[in-house]
Every structure is written in C-alpha cells, then in structure tokens.
Amino acid sequence: MTVTALFEIHWSDHSSDLFTALLKTIEFTAVGFAGAALLGLILALMRLSPARALRIPAVVYTELFKNVPLLAIIFLIYFGLPSQGIKLNVFTAGSLSLIIFYAAYLSEIFRSAIAGVHGGQQEASEALGLSRRATFTHVVFPQALRSALPGTNTMLVDLLKSTSLLVTIAAAELMSQGQLIASETFRALEVYLVISILYFALCYPLSQGLLWFERQIRGGVPLTPPRRRRLRIARALLEKGVPA
C-alpha cells in the first residue's frame with residue numbers, strides 16, 4: 001500500500017462537517033471543564049469543612065467517581081436515566097458526564113492546594129481584621145491557585161481528549177464525525193489518522209499554552225488586572241524613589 005493510497009478521500013467535501021465537529025468538541029471541553037472546576041472547588045471546600053455533614057458526602061462523592069470509568073458514567077446518564085423517566089439531550093448528558101467525572105479529580109487537586117497554604121497566613125489575616133471570606137479570597141485562594149495549576153492544566157487537556165468517548169452517544173464531536181466519514185468512505189485508517197491529527201492540533205498548543213501560563217504565574221505575574229495595575233504603580237513609585 002502506498003502513501004498516496006492512504007489519502008484518496010476528498011476532504012473538501014467533509015471540511016464543513018469537521019469544522020462543526022471541532023467546535024462541538026471545544027464546546028464540550030469548555031462547558032465540562034467550567035462545571036467540573038466549580039463543582040470541584042465546592043467539593044474541596046466541603047472536604048476541608050469541620051462539619052461532618054459536609055465533609056462525609058464530599059468524601060463519598062470523590063472516592064466514588066474517581067473509581068468509576070467515564071464511559072460507565074456516560075452510559076448511566078444517557079441510557080440509564082431515561083429508564084427512570086429522566087431523559088437528557090446529547091449535549092446535556094455529555095457535558096454532565098464530564099463534569100461529574102472530572103470534578104472528583106479537581107476536588108482533590110484543589111483540596112491539596114488549599115490545605116497547602118500555611119495556616120499562619122490565615123491567622124495573620126484574621127489578626128489584621130480580615131473576614132474569613134476576605135482571607136480566603138485575597139490570601140488563601142491566589143496562593144492555592146498557583147499550587148493547583150499543574151494538576152488543573154493536566155486535567156483540562158485530559159478532559160479535551162476524553163470528549164472522544166462521547167462517540168458512544170453520537171455527540172457530533174470529532175470522533176463521532178470521524179466515525180460517520182469512515183462508514184461513508186470505508187477508509188477507516190485514513191479517517192482516524194486525520195482525526196488523531198486534529199486532536200493533536202488541539203491538545204498540543206493548549207498544553208504548551210498552559211505551561212507558559214503556569215511559568216508566568218510561578219514567576220510572580222499577578223493573576224488579576226487590578227493586582228497587575230497595583231504592581232505597576234508600586235514599581236513606578238520605586239523607580240522615582242518614592243516609598244511604595
């Protein structure tokens with residue numbers, strides 16, 4: 001078999017469908033990660049709570065969904081819930097599956113990062129009169145976020161790749177579209193090679209961009225525009241010889 005024989009599909013006929021599938025993959029990734037990060041943060045705070053009524057359910061959730069395959073969760077939500085009268089559309093079921101699964105892992109990352117902030121800083125903040133909410137928002141969370149970045153970035157790229165499992169419910173993402181093209185053209189090797197290249201084209205720049213962002217943050221770049229603005233003002237004052 002020659003290399004030329006591997007590329008006999010007229011990809012121009014499928015470019016618009018592939019582009020739509022690419023956008024759908026990105027949409028699943030964005031919604032899934034945003035939901036998982038929010039739920040993961042809530043679970044992490046519940047696990048750090050002194051109240052057993054909050055801590056135990058969070059522990060059960062985390063241990064349960066860390067040890068159940070994502071594919072099983074997809075099947076339970078999309079095929080299992082309708083048997084109990086709860087029918088979700090493909091996008092909702094797919095996004096919810098990603099959220100439920102990755103929230104368990106992100107909660108562990110966030111919990112470890114928050115717990116890793118030295119307790120003395122919280123005590124100092126309270127001594128200065130900051131409320132518990134202000135202490136968490138302005139002191140604990142920015143430091144915890146820096147510590148959580150490596151694991152969180154890994155989970156984001158992994159979630160993007162895991163959207164391919166949504167092919168099992170015909171979610172119209174890249175792998176589903178590849179399956180349709182392969183069944184139409186009977187050129188499975190060529191089709192799935194191209195689909196793999198598209199996933200690489202998504203994941204590699206994303207992972208490298210996240211690594212660059214992580215280095216910036218670890219180098220002391222402020223996380224928010226107001227902090228960056230205050231830092232610029234402080235540097236300008238120091239350059240002029242005025243105490244900040």
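Okay, quick housekeeping. The model is predicted, so to speak of a local feature I need pLDDT of at least 70, side-chain atom pairs count only at pLDDT 80 or more, and totals for chains, interfaces and linings use all residues. Numbering starts from 1 along each chain as its sequence is written, and side-chain values use heavy atoms, with hydrogens and water left out.

Let's start with charges. Side chains of opposite charge can pair when their charged atoms come close. I call it a salt bridge when a side-chain nitrogen of Lys or Arg is within 4 Å of a carboxyl oxygen of Asp or Glu. The count comes to six salt bridges.

Have a look at Glu-108. With Arg-47, the closest N and O atoms are 2.5 Å apart. Glu-108 sits in helix α4 and Arg-47 in helix α1, so this pair ties together parts 61 residues apart in sequence. Helices here are DSSP runs (H or I, at least four residues), numbered from the N terminus. Arg-47 counts as buried, at 16% relative accessibility; buried means under 20% relative accessible area, exposed over 50%, and partly exposed in between, with a 1.4 Å probe and protein chains only.

Glu-108 also meets Lys-66 in a salt bridge, 3.4 Å from N to O. That one links helix α4 to helix α2 (residues 52-66), 42 residues apart. Lys-66 is partly exposed at 23%.

Then there's Arg-111, bridged to Glu-108 at 3.2 Å. These two are three residues apart in helix α4, so about one helical turn separates them. Put together, Arg-47, Glu-63, Lys-66, Glu-108 and Arg-111 form a network of salt bridges.

Next, the second largest pocket. By pocket I mean an open set of points on a 1 Å grid over the protein atoms alone, where a 1.4 Å probe fits, with protein on both sides within 12 Å along at least five of seven lines; lining residues have an atom within 4 Å of a point. Its lining has 15 residues, and Phe-110, Phe-141, Leu-145, Leu-149 and Thr-152 lie nearest the centre. Helix α6 gives the largest share, seven residues.

Last stop, the surface. Leu-71, Phe-75, Phe-79 and Leu-165 make a nonpolar patch of about 330 Å². Patch residues have over 30% relative accessible area and no salt bridge, with nonpolar side chains joined within 5 Å and like charges within 9 Å. Leu-165 is in the loop between α6 (132-162) and α7 (174-185), and is partly exposed at 32%.

Key
Accessible areas come from the Shrake-Rupley method with a 1.4 Å probe; for residues, only the protein chains shown count as cover.
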